[in-house]
Amino acid sequence: MLTNGNKAANGVVGAPWLTIITGHYGVGKTNLSLNIARDLRLVTPRVTLVDLDVVNPYFRSTDNRGFLDTHGIQVLGPVYGASNLDTPSLSPGIDHAILDAGPGHAVIIDVGGDADGARALGRYAPKIALRPHRLIHVVNLRRPETASVEDNLQVLRDIETTAGLKVTGIIGNTHLKELSTAVDIVAAVRPTCAVAKAAGIPLTSIAVPRALANEVEAALAGDAGLCGIGVYRIDIIVGTPWELE
């Protein structure tokens with residue numbers, strides 16, 4: 001049972017125990033991956049977070065080892081992650097972690113942005129296909145490159161084609177970093193639903209910073225057309241040093 005106030009966590013926390021997070025650059029995949037890893041650690045004894053971003057040297061999961069260590073989460077990723085060396089060398093333990101995923105060992109894979117990042121995921125696709133898994137695509141409608149339904153569909157399909165895997169769920173994560181308001185998030189819910197409907201893929205939940213969650217939940221509850229959408233409360237873990245002060 002989760003203790004962090006999440007009402008929609010059952011959409012992203014629990015079986016299947018192998019979770020892949022994809023999306024365009026800058027949509028908030030890494031922050032979401034860290035939240036999911038922490039929440040999974042509340043319900044299973046072992047959690048491994050795989051940093052599969054070999055494209056972008058900034059805001060990687062491996063840069064948050066302090067947070068991961070605090071919560072007892074193992075991290076696998078670029079051998080020179082968390083340093084000033086940008087090398088696409090991946091840990092040999094990733095294959096084993098994927099095949100070991102199960103009720104006692106949750107594995108989250110944080111994939112680099114766009115189809116370029118999905119190439120690394122494609123290397124593991126045959127093993128992933130052997131295991132029960134979910135591939136969650138993150139949508140942020142405030143990114144210039146993913147501001148429309150059509151843009152998001154194109155990114156989603158490009159990632160599927162490159163990775164050789166199918167998206168099984170969508171999470172809305174529209175935000176403007178520290179400038180985000182509940183109004184911004186609620187306004188993006190219907191377009192996010194439209195992306196999911198056009199793709200024929202379930203909308204798992206809407207990720208909302210914890211400080212705004214009550215206001216967003218109240219707004220969604222007051223709209224009969226949106227009341228079935230769950231809010232996944234997240235904390236802001238990833239950011240520049242001045243944003244996290």
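This report describes the sheet, the helices packed on it, the nonpolar cores and some backbone features of a predicted model.

Eight strands make up an open sheet with parallel pairing, and their order is 3-2-4-1-5-6-7-8. Strand 3 (73-76) and strand 8 (231-234) are at the edges; each has a single partner strand, so one side of each lacks a neighbour in the sheet. From one strand to the next, the twist averages 25°.

At one end of this order, strand 7 (residues 203-209) pairs with strand 8 in the parallel sense over four bridges. Pro209 stands opposite Ile234 in strand 8.

## Helices on the sheet

Helix 4 (residues 114-128) packs on the sheet and touches strand 1 (18-23), strand 2 (47-52), strand 4 (106-111) and strand 5 (134-139). The direction of helix 4 makes about 160° with that of strand 1.

Helix 7 (residues 189-199) lies across strand 5, strand 6 (169-172) and strand 7. Helix 7 runs at about 150° to strand 7.

## Nonpolar cores

The largest nonpolar core has 34 residues, of which Leu18, Ile20, Leu52, Ile109, Leu121 and Ile128 touch the most other members. At least two residues of this core come from each of strand 1, strand 2, helix 3 (94-100), strand 4, helix 4, strand 5, helix 5 (149-163) and helix 7. Helix 4 gives the largest share, six residues.

Leaving aside residues up to four places away in sequence, Ile20 touches Ile109, Val111, Leu121, Ile128, His133, Arg134, Leu135 and Ile136. Another core, of 26 residues, lies apart from the largest one; Ile21, Val27, Leu40 and Val75 are among its members.

## Backbone features

Most residues other than glycine have a negative phi, and most peptide bonds are trans. The peptide bond from Ala15 to Pro16 is cis, with omega near -5°. Pro16 is in the segment before strand 1.

Asp114 lies in helix 4, whereas Lys177 is in the loop between strand 6 and helix 6 (182-187). Asp114 has a relative accessible area of 19%, and therefore counts as buried, the cut-off being under 20%. Lys177, at 46% relative accessibility, counts as partly exposed.

Note on methods: Residues numbered from 1 in each chain as written. Predicted model: local features only at pLDDT ≥ 70, side-chain atom pairs only at ≥ 80, totals over all residues. Heavy atoms only, no water. Pairing = 2+ DSSP bridges. Axes fitted to C-alpha atoms, helices over the stretch in contact; angles between N-to-C directions. Contact = heavy atoms within 4.5 Å. Core = buried A, V, L, I, M, F, W, Y, C linked by side-chain atoms within 4.5 Å. Buried < 20%, exposed > 50% of the residue type's maximum accessible area, 1.4 Å probe, protein only.
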